[in-house]
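Reader: I would like to learn how to read a few features of a model like this one, taking them one at a time. Could we begin once the structure is in view?

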Amino acid sequence: MKTFRVVSQLVRSRIISMLKEGSRIDDRGLLDYRPIDVKCGLISRANGSAQVSIGSTKVLAGVKVGIGEPFSDVPDQGVLAVNAELVPLASPAFEPGPPDETAIELARVIDRTLRETKTIDLKSLCIEPGRRVFVVFLDIYVLDHDGNFIDASALASILALLNTRIRKFSIDEGELRYEEEYVPLPVLHTPVTITLAKPDDGPFIVDPNLEEELSLDNRVCISVDELGRICAIQKLDGSLSVDEVFEVVSIACKTAPKLIEIVRRESGLDAGS
Amino acid sequence: MSSEFVRPDGRLPDQLRPIKMAVGVLDRADGSAYVEQGNTKVIVAVYGPRELHPRHKASPEAAVVRCRYHMAPFSTRERKSPNPSRREVELSKVIKDALSQTIFLERFPRTSIDVFIEVLEADGGTRCASINACSLALANAGIPIRDLISAVAVGKYNGHIILDLNDEEDEAAEADMPVAIMPSFNKVVLLQLNGVLTEEEFKQAFDLAVKGCMEINRIQRETLRSRYLSIKGEENEDV
């Protein structure tokens, strides 16, 4: 990927020298996100959808729920399938074709975040153990890449899942029966992902924009849920010192509540309580 | 560690599995290595620096590392399809990213350094065993590196933080966290967490991983030293 992405030396050295003095090229604080904008449920044919913009980075996530076979090691659980596409609309560096390693990494980081926290109650999505279960397909579309599509994808994913409605069903002697009413997907947690970047010699920032992402050699993302549990980490570019590892985890734990608040507000989780 | 907890295979929480390492195990490759950690067996070959095709993928500034992590169909309990899975694509990428940190890439512009990893038997910790073997194979190929990368996984199993998970532990684990470091620079070049940890557990696990990496690094160095001491010995015999 890196060979396709270019940032001028001038911008790069400006970004790094400003960071060393504690300021950012777009005037943000080091630990501030760009403005986050959320639209839920804009794809009516999907069971659930959400579009999240962080600055001008834009990601659309859609959920379709179908019926399929369970995995043989968990025959009594529904299936979660996460796929991510870096569509060529989003950047001159993205090309048509099957997902490349960056897209697969994105999908797998989001997948781990949701799976390890048991965000979806997959047990309640079983129809006939070992034979038929509901399959939740979560498809992530990166539409505009101005840096940090991982955090935007994580937000869009959890919001799309919270937006998902399925036909109320009952199982009568192995027979699946639908009712007219739609009910929400059983979503138990609200994990979010925080990406941090830093120059070799300088402070950490969150939510790097594209110029920052290209200028800063070291990048890591960390997922945290509403209970403050760390549920996924992926070192992306570069390296971190041992002390920096503890620092990024602590910054992520402090930053997560702000993102989780957005998720709760936009999904109406707070309104009911 | 003072804990009384004993693991399914009888190890203590902070105990590595038995390790075997060898370098120069393949004749045609520029560098190669074989690593066993418990039942996990990995073989690695390195080719390069060599001309990169297609040429437009080359960088005028530095060598490009290409890496393929691949599991043999017979390496797992159920036969694994030889086609690359999404997991293998991701692991190839994170291993490549880690190796790129240690190689002096800028010394070999317009070339590629190709690293081929075959997991022959998978019993947990295959990506870490792969990285350990890759470092040795790079050294064996004579490719200049800053440090020997060492890797090991830590995890949380039955509420205990443990080192170097095998497959049985990994499957039941609450969390699994592979870590790779360049010990001489105190740099973390691979860090993934798959599972759920509190901040406190994370710190404990990460410290344990660093300790484990140090021990593996010592064995890697010993492996290289004995290899080249023995070559020197052979030459002397010829004279």
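Reader: What pLDDT does chain B average?

Author: Where pLDDT is low, the predicted coordinates should not be read in detail. This is a predicted model, and in chain B the average pLDDT is 94, with 96% of the residues scoring at least 70. For the complex, the predictor gives an ipTM of 0.87 and a pTM of 0.91.

Reader: How are H2(A) and H1(B) oriented to each other?

Author: Two packed helices are described by the angle between their axes and the distance between the axes. Here the axes of H2 (residues 101-116) of chain A and H1 (residues 86-102) of chain B come within 9 Å and cross at roughly 105 degrees, and these helices are therefore roughly perpendicular. Among the residues making the contact are Glu101(A), Arg108(A) and Arg112(A) on H2(A), with Arg86(B), Glu90(B) and Lys93(B) on H1(B); the contact residues divide into 4 nonpolar, no polar and 9 charged.

Reader: Where does H5(A) bend?

Author: The bend, of about 30 degrees, is at Thr255(A), and Pro257(A) follows within four residues. The end C-alpha atoms of H5(A), residues 242-267, are 37 Å apart, which agrees with the 38 Å that its 26 residues should span at 1.5 Å a residue. After H5(A) comes Gly268(A), with a positive phi near 75 degrees.

Reader: Which residues does a cis peptide bond join, with omega about -5 degrees?

Author: That bond joins His53(B) and Pro54(B), and Pro54(B) lies in the loop between S3 and S4 of chain B. The peptide bond from Gly48(B) to Pro49(B) is cis, with omega near 0 degrees, and Pro49(B) is placed in S3 of chain B, residues 40-51.

Terms used
Residues are numbered from 1 along each chain as its sequence is written. Chains are lettered from A and ligands numbered from 1 in the order in which they are written. This is a predicted model: local features need pLDDT of at least 70, side-chain atom pairs count only at pLDDT 80 or more; totals for chains, interfaces and linings use all residues. Side-chain values use heavy atoms; hydrogens and water are left out. Helices (H or I, at least four residues) and strands (E, at least two) are DSSP runs, numbered from the N terminus. The expected span of a helix is 1.5 Å times one less than its number of residues. The bend at a residue is the angle between axes fitted to the seven residues ending there and the seven starting there. Axes are lines fitted to C-alpha atoms, for helices over the stretch in contact, and angles run from 0 to 180 degrees between N-to-C directions. Angles under 35 degrees count as roughly parallel, over 145 as roughly antiparallel, 65 to 115 as roughly perpendicular and the rest as oblique. Contact means heavy atoms within 4.5 Å. Ala, Val, Leu, Ile, Met, Phe, Trp, Tyr, Cys and Pro count as nonpolar, Asp, Glu, Lys and Arg as charged, and the others, Gly among them, as polar. pLDDT is the predictor's confidence in each residue, from 0 to 100.
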